[in-house]
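Take a walk through this model, from single residues to the packing around them. Keep the sequence and the coordinates open side by side.

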Amino acid sequence: MSASTSADNEIILKAEGVGKIFPGTVALQDVDFEVRRGAVNVLVGENGAGKSTLMKILAGAIEPTTGRLLLRGEPVVFQSVRDAARQGIGIIYQELNLCPNLSVAENLGLIDPPTRFGFDIDRARQVEKAKALLTRLEHPIDPNRLVDDLRIGQQQIVEIAKALAADVDVLIMDEPTSALSSAEVEILFKVIRDLKAHNVAIIYISHRLEEIMRIGDYITVLRDGRRQADALVSDVSVDWIIERMVGSTGLALQGKAGDLGDDALTIRDLSLPRAAGGFFVDHVSLSVRAGEIVCLYGLLGAGRSELFECLMGLQPQAVGRIEVGGKDLAGSSIPARIRHGLVLVPEDRQRDGLVQTLSVRANLTLASLRRFTRFFSLNSSTEKSESQDMIRRMTIKVSSPEVEVTALSGGNQQKVVIGKSLMTGPSVILLDEPSRGVDVGAKAEIFRVMRQLSDAGLAIIFSTSDLKEALGYADRIIVMSRGQITAEFPRDRATETGLVEASTAAFLALERQVS
Amino acid sequence: MTSEGLSAVKSGPSRRRLPLALLLMSFRTFIALIVVFVFFGVTTPNFLDVPTLVIVAKHVAVNAILAIGMTFVILTAGIDLSVGSIVGISGMVAGTLLTRGVPLNVFDVTIFPNVIETIGICLAVGSGIGLINGLLITRLNVAPFIATLGTLYIARGAALLISDGATFSNLVGDPKLGNGGFPFLGSGTLLGIPVSIVSLAIFAAVAAYVAGRTPFGRHVYAVGGNERAAALSGVRVNRIKVCTYMISGFCAAFAGLVIASELVAAHPASGETFELNAIAAAVLGGTSLSGGRGTIAGTLIGAFVIGVLSDGLVMLGVSSFWQMVIKGIVIIAAVVLDQMQRRMYRRFSLEAQLG
């Protein structure tokens, strides 16, 4: 399906054949993208589809490897985000980019503060301007309050106000609603309609398809770094979007689980309170049996990563029972949990998974050095041979175990992190978004290894926001939304629509409560 | 280019294909050491004679021992500014034990520990200050720079308080008290080699073994390379950090003993600014202040470059003012080269990936 190019809206910004190669991964390939004035241009795709890369290119944060950008018909090269901002392109990142130690007004005037005779900051005028902006957003937050003291939703409003503080022709919004309550979402939508009326072009990125159906005008679907489809939102349905996002090629269903063993992991009433009230993890109970692969499906912010962190002992405020092999691990240290057979492959491998300064071998053996130690000494020959075995078993593409781990591609780095966890001899493996930032081939290999492990009697939980992964690889799918388990499907009864509905169930429930 | 095509050629860089420039860069400190040796060998008569070299090595020994301890701390991405003060307090503790003993007023006697016990107590004091540093940093979340800056002042003040600022001289002990033999550490020889140089060799060998061949060493590198990933892999990050500060304190206390023994005197201001020399040696040897990168061998070479440079310049008759300028330039040049090498390596491995 090709886009309806009926041009009742002028194209202000255009990407032509844009591509981006990072060391190890091709994030974006030959993508065309048109941004129209006075319209909401929606960008959707699964995690790793290349949305954020494209958005960063448009905002001037990174330079494309190939292709070019056209602004108002003229080719442009943005030197920096500031350069792009000068030319009328604003961006609201998904992660908040505010200085928590400064007041609301100071944050809003950070780039271009009003000055007296060009010397010192005119505080009164700064507060005035901030007040005006916040009133426009119908959110009269006191401009003198510290950002640190605001609720996340309010901070998001400040973030939006910050983007509006500069006069923008194009405003990029990356999942702007992920931290907002439904009332705040309504205000945001009102602001968006207001901006549309002022002929601003909005690029809107979201996972919440029902939101897109409400607010979007044009939609572009990315998949695996390529443009998959584009259309007018009024012409398409949620099912159409899901189909384009997920696709149907490549990943064959994996073999079904054999005989299941006893409960390997049992969680009872696990909760992680949120400082601002409510829960990241809301009274979760579940159990996983030996030889079973369970998928934890949910959108961003559903509490999946937090649940894993509670299980691994990274969240000291967590309460509840965590039993591995019949022993309660609540309150024990990370090394103790690893000794009892629990191990986590974290979501962000650069931040939590790899030691970038060490070799592949040293990364693989880091969690299991005890096994290679005699008296005080590391036995380097067994360390070397076992890491070589693991490299073969995980099919890690590397010329020697001594190569620095950063020289590997994303997929191979992920295999190193998984290999490291396997070397501890676990009985339960938690994998948080194991396919994030991993190319298609490596993705299939990772899931093949997971099935081998479950056949060997390990209990596996992986989290994903990718429908195809959830439906294709799990024996059982548990859906989380706002920290709660909202549905549970055995593999043969799970459907795409069922999963999508359950993943937003808690938000809808909240909305009903509010209205 | 397809993503499959990319991943197929994504084997890491192989050693064989390292370009010559990169190879030279990786041995830059060693090359620098050879250069300073050759330079002073040519320009300064007698510089390469054995007695001169022994004197240079003895001068290097103190800074190198400090730098070895410092390397462990810097590998965890920390810093230890207190080592100079530990040098001072260690000598002062030795001085007071050897000359005044431990007066036990209750029994109206004074106990004089023998030299071995004295050394043990001094090393315990140094390690104890390291322990305090470590606990401040890990339990109370004080930044390493601030925590060790604080103990720098405290330990220096304590060293001055011990004698009210006076120097303990003539630390030869008294045969009647059974505490003689202290000067052996600084001026004695083993098989014809000065004890301080033998000590340096032992410290370097043990440290290289601990850093390279033990789980503890690996954990130190992991903590410095990525603390979060190390913690998630079951590394007891806090314990590792505390241990590195204790090692640093231990090394500093030993260096203080060597100095006091060489001079046969303990001065409370001894060791001032030594922390900076130790950091310089480690950095010159390729230790990254952001943690995770560096070797004991590199630090040792770095300490020798600094030591040979300063002794050589003295023998050449270069004024001490110019010596400081030159030392500063060398340190900055070392770090600039380090960054250049890392950029070259990154570009090289990226090119190797893309085929």
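Leu209(A) is buried, because 20 other C-beta atoms lie within 10 Å of its own. The cut-offs are these: a residue is buried if 20 or more other C-beta atoms lie within 10 Å of its own, exposed if 12 or fewer, and partly exposed in between, with C-beta atoms placed from the backbone. Leu209(A) sits in helix α7 (residues 209–215) of chain A. Helices (H or I, at least four residues) and strands (E, at least two) are DSSP runs, numbered from the N terminus. Setting aside neighbours within four places in sequence, Leu209(A) contacts Val238(A), Ile241(A) and Val500(A). Contact here means C-beta atoms, placed from the backbone, that lie within 7 Å. Pro176(A) is 33 residues away from Leu209(A) along the chain, and their C-alpha atoms are 13 Å apart.

This is a predicted model: local features need pLDDT of at least 70, side-chain atom pairs count only at pLDDT 80 or more, and totals for chains, interfaces and linings use all residues. Residues are numbered from 1 along each chain as its sequence is written, while chains are lettered from A and ligands numbered from 1 in the order in which they are written.

Chain A splits into domain 1 (11–246) and domain 2 (263–514). These bounds come from an automatic or database domain assignment. The C-alpha centres of the two domains are 32 Å apart.

Now the core. The largest nonpolar core holds 249 residues, and Leu54(A), Ile203(A), Ile65(B) and Leu66(B) have the most contacts inside it. Such a core is a set of buried Ala, Val, Leu, Ile, Met, Phe, Trp, Tyr and Cys residues joined through C-beta atoms within 7 Å. Helix α12 (residues 237–263) of chain B contributes the most, with 16 residues. Domain 1 (11–246) and domain 2 (263–514) of chain A both give residues to this core, so it lies between them. Leu66(B) touches Val83(B), Cys251(B), Ala252(B), Ala255(B), Phe274(B) and Ala278(B), not counting residues up to four places away in sequence.

Tyr245(B) lies in helix α12 of chain B. Tyr245(B) counts as buried because it has 32 C-beta neighbours inside 10 Å. Beyond four places in sequence, its contacts are Val73(B), Asp80(B), Gly130(B), Asn133(B) and Gly134(B).

Next, a helix pair. The axes of α4 (residues 50–75) and α14 (residues 296–316), both of chain B, come within 8 Å and cross at roughly 145 degrees. Axes are lines fitted to C-alpha atoms, for helices over the stretch in contact, and angles run from 0 to 180 degrees between N-to-C directions. The α4(B)–α14(B) contact includes Val56(B) and His59(B) of α4(B), and Ile296(B) and Thr299(B) of α14(B). By class, the contact has 11 nonpolar, 6 polar and 1 charged residues. Ala, Val, Leu, Ile, Met, Phe, Trp, Tyr, Cys and Pro count as nonpolar, Asp, Glu, Lys and Arg as charged, and the others, Gly among them, as polar.

Finally, the loops. Which residue has a positive phi of about 50 degrees although it is not a glycine? That is Arg72(A), in the loop between β4 (66–71) and β5 (74–76) of chain A. Arg72(A) counts as partly exposed, because it has 14 C-beta neighbours inside 10 Å. Asp164(B) also has a positive phi, near 60 degrees. Asp164(B) lies in the loop between α7 (144–163) and β3 (168–169) of chain B. With 7 C-beta neighbours inside 10 Å, Asp164(B) counts as exposed.

Methods:
Two residues are in contact if their C-beta atoms, placed from the backbone, lie within 7 Å.
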